[in-house]
Amino acid sequence: MPVITYREALNQALREEMRRDERVFLMGEEVGLYQGAYKVSQGLLEEFGEKRVIDTPITEEAFTGVGVGAAMVGLRPVIEMMTFNFSIVAMDQIVNSAAKIRYMSGGQFKIPMVIRGPGGAAHSLAAQHSQSLEAWFCYVPGLKVVMPGVPKDAKGLLKSAIRDDNPVIFIEGELLYGTKGEVPEGEYTIPLGKADIKRKGSDVTIIAYSKMVLLAMEAAEELAKEGIEVEIVDPLTLKPLDETTILNSVRKTNRVVIVEEGWEFGGFGAQIAEIIYRKAFDYIDAPIERVAARNVPMPYAKNLEMATIPNKARVIEAVKKVLYFD
Amino acid sequence: MPEKILESFEIRRLEILDPKGEVDESLMPSLSADEIKKMYELLILSRTFDQRAIDLQREGRLGTYASILGQEATQVGSAFTIKKSDWIFPSFREMGVYMTLGYPIHQLYQYWAGDERGLKAPKDLNIFPICVPIGTQMLHAAGAAMAAKYKRDPIAVITYFGDGATSEGDFHEAFNMAGVFKLPVVFICQNNHWAISLPRERQTAAKTLAQKAYAYGFEGIQLDGNDIFAVYKGTKDAIEKARRGEGPVFIECVTYRMSSHTTADDATRYRSKEEVEMWKLKDPILRLKLFMERKGLWTEPYQKEIEERSRQIIDEAVKVAESVEPPHPEDMFTYTYAKPTFRQLKQMEDF
Ligand SMILES: Cc1ncc(C[n+]2csc(CCOP(=O)(O)OP(=O)(O)O)c2C)c(N)n1
Ligand SMILES: [Mg+2]
């Protein structure tokens, strides 16, 4: 299998879907001439022209709302947020329009739109420019939320997201673009709403998504040296969530650690924990541990940033805790 | 019945000092020789600061930095008229404003090295922290202006933003609020022709940015942002008008971003060398120098002396900035709420 970067995988997905379906177009800040702030749209302007790769003024609310309007009448916009931090100024269009128009129109209108771009912690970009907002989007009925952690998933899921008839929030890991992984040759998709077992193990289940999958893998390697076998479940799609795969793993290992980059209070991990407690209560042998960001805005200072976001030591500690090792 | 013209408007453009260093005496604001020298020294200091910031970034001693190269006159000239009692709401490319206001320079380096404490303004300066989301600070400026009116404070509120920011909803909403409530706010746009790789013409179909103010019921003027006298005069008039309670003014300063967007960008990939070369000829510092030379205010030894002094100030600032101890994890909990929450207190125990 070819090894490519996360960035290239996303680029392939966009390119293939734009070739396949004339209704798909890309719109956002710096997506054309500049090839994307994170170079995801490399070469797309060249291939598809200004009609389908649209550089906008700095106006997130506008291009999101314009995307909703275009989607209502039959196009399939892919809206790029330079980063999800800036989707905050477009929240009204996302929450009150994109998510609800199908419902409010009794199914007359669909919004087959993808809103994608980087999210999560990014190094040294501080409070307003470095944060995880997935829990917000998951809260809203009508939105799907996807967060791939490796190139193969990024490509297969983005293709599915573009083909989906619902608005899909597709959050890429800001620090993942340069990471590499194997990606199957030729056409493939990965269905939304299906989790993936990233590592098999029998002692503990770690549920992690996006960049936290890589962190969980590192922790698992280290724990394996001590004879602890971790199973890693990557939900891939946070909404709709594949509860079955998660619960099957939990029923097997009986111990759970949930790792997320977002804030601990009200974070998405709390929702996963609720599902496990409600549906697999009799199978768990220790209280669920969560590893998440501290409940503070992202600090600018490196040392504080490191103290805030989850790290390997905290994951290992949590695993040992659910195993009652201390 | 014939059609009537209900309203029409004209956009004034103010220019006083041309690239050859000649001034239009009829427009020249009254400035003493000392004041002019002070302006010049601030321009040199700002440029020295900027160059050092770029060098430090390359050495890994600073994070991503947004250069002010080419925009010094817009910043120094406007801030020169600001009083300590006024309020300032910057975006992120205004280091020349900070230096003109006398902000501690070491704190600016401290900030760009990745330490929020650098933005803790000294007690006697009313300057709001840098704002990353484009345009949101304009609304805060309108709010502070509303509060000034409420408290009958005879101050002006000044906010800075870029040409790109004029596309954001917040720009339009701030303008509308300022117009409706006749708020004492001065909107200063640094139109540096670029918003990352998007040129000004792709930002709006309007011929000028200044004209946007008219849709909100107040005056907008354009001026040569590389002409420090025009910037000074335009800003001074606007600030005084705001202080008199006569409402907001929008000033479009036409300047040029000589550098890349930030140290993480490479502008040669999207704009022509010729354009940059053309703007070099309009350099704001060069033209003030030519003017001063003509007036007998500039000599080679003077230039050497202020360059040397600027270098010393900057050396010292870097030294101080780099000797500051990193912040303690407790800080991040301390400043999130008035009092840390129960859960934060639990998390604090880890440190
Ligand atoms: C709401 C929001 N959208 C996008 C960005 C990303 N961004 C940072 S600077 C910038 C360009 C700003 O251009 P302009 O307003 O002209 O200011 P300049 O950089 O030229 O000083 C963009 C798009 C942002 N910071 N905030
Ligand atoms: Mg600009």
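**Group meeting: a walk through the two-chain model**

Let's start at one serine: the side chain of Ser160(A) comes within 2.6 Å of the backbone oxygen of Ile190(A). I call that a polar contact, meaning a pair of N or O atoms within 3.5 Å; within protein, one must be able to donate a hydrogen and the other to accept it, and residues adjacent in sequence count only if both atoms are side-chain atoms.

Before going on, some housekeeping. This is a predicted model, where local features need pLDDT of at least 70, side-chain atom pairs count only at pLDDT 80 or more, and totals for chains, interfaces and linings use all residues. Residues are numbered from 1 along each chain as its sequence is written, chains are lettered from A and ligands numbered from 1 in the order in which they are written, and side-chain values use heavy atoms, with hydrogens and water left out.

Back to our serine. Ser160(A) sits in helix H7 (residues 151-163) of chain A; helices here are DSSP runs of H or I with at least four residues, strands are runs of E with at least two, and both are numbered from the N terminus. Is Ser160(A) buried or exposed? With 13% relative accessibility, Ser160(A) is buried; buried is under 20% relative accessible area, exposed is over 50%, and partly exposed is in between (1.4 Å probe, protein chains only). Leaving aside residues up to four places away in sequence, Ser160(A) touches Thr189(A), Ile190(A), Pro191(A) and Leu192(A), where contact means heavy atoms within 4.5 Å.

Now to charged pairs. Over all chains, the whole structure has 56 salt bridges, each one a side-chain nitrogen of Lys or Arg within 4 Å of a carboxyl oxygen of Asp or Glu. One of them joins Lys159(A) to Glu17(A), at 2.9 Å from N to O. Since Lys159(A) is in helix H7 of chain A and Glu17(A) in helix H1 (residues 6-20) of chain A, this pair ties together parts 142 residues apart in sequence. Both Lys159(A) and Glu17(A) are buried.

Another pair is Arg290(A) with Glu260(A), whose closest N and O atoms are 2.8 Å apart. Arg290(A) belongs to strand E14 (residues 289-293) of chain A and Glu260(A) to strand E13 (residues 256-263) of chain A, so parts 30 residues apart in sequence are tied together. Here Arg290(A) is partly exposed at 23% relative accessible area, while Glu260(A) is buried at 1%.

How do the two chains meet? In all, 34 residues of chain B are in contact with 34 residues of chain A. About 2,800 Å² is buried between chain B and chain A, with carbon and sulfur atoms giving 57% of it; that is the accessible area (1.4 Å probe) that two parts lose on being put together, summed over both. On the chain B side, Met332(B), Arg343(B) and Gln347(B) lose the most area to chain A, together 19% of what that side buries. Two salt bridges cross this interface, and Arg343(B) forms one with Glu264(A), at 2.6 Å between the closest N and O atoms.

Asp163(B) is buried at 1% relative accessible area, and Trp194(B) is buried at 8%. Thanks, everyone!
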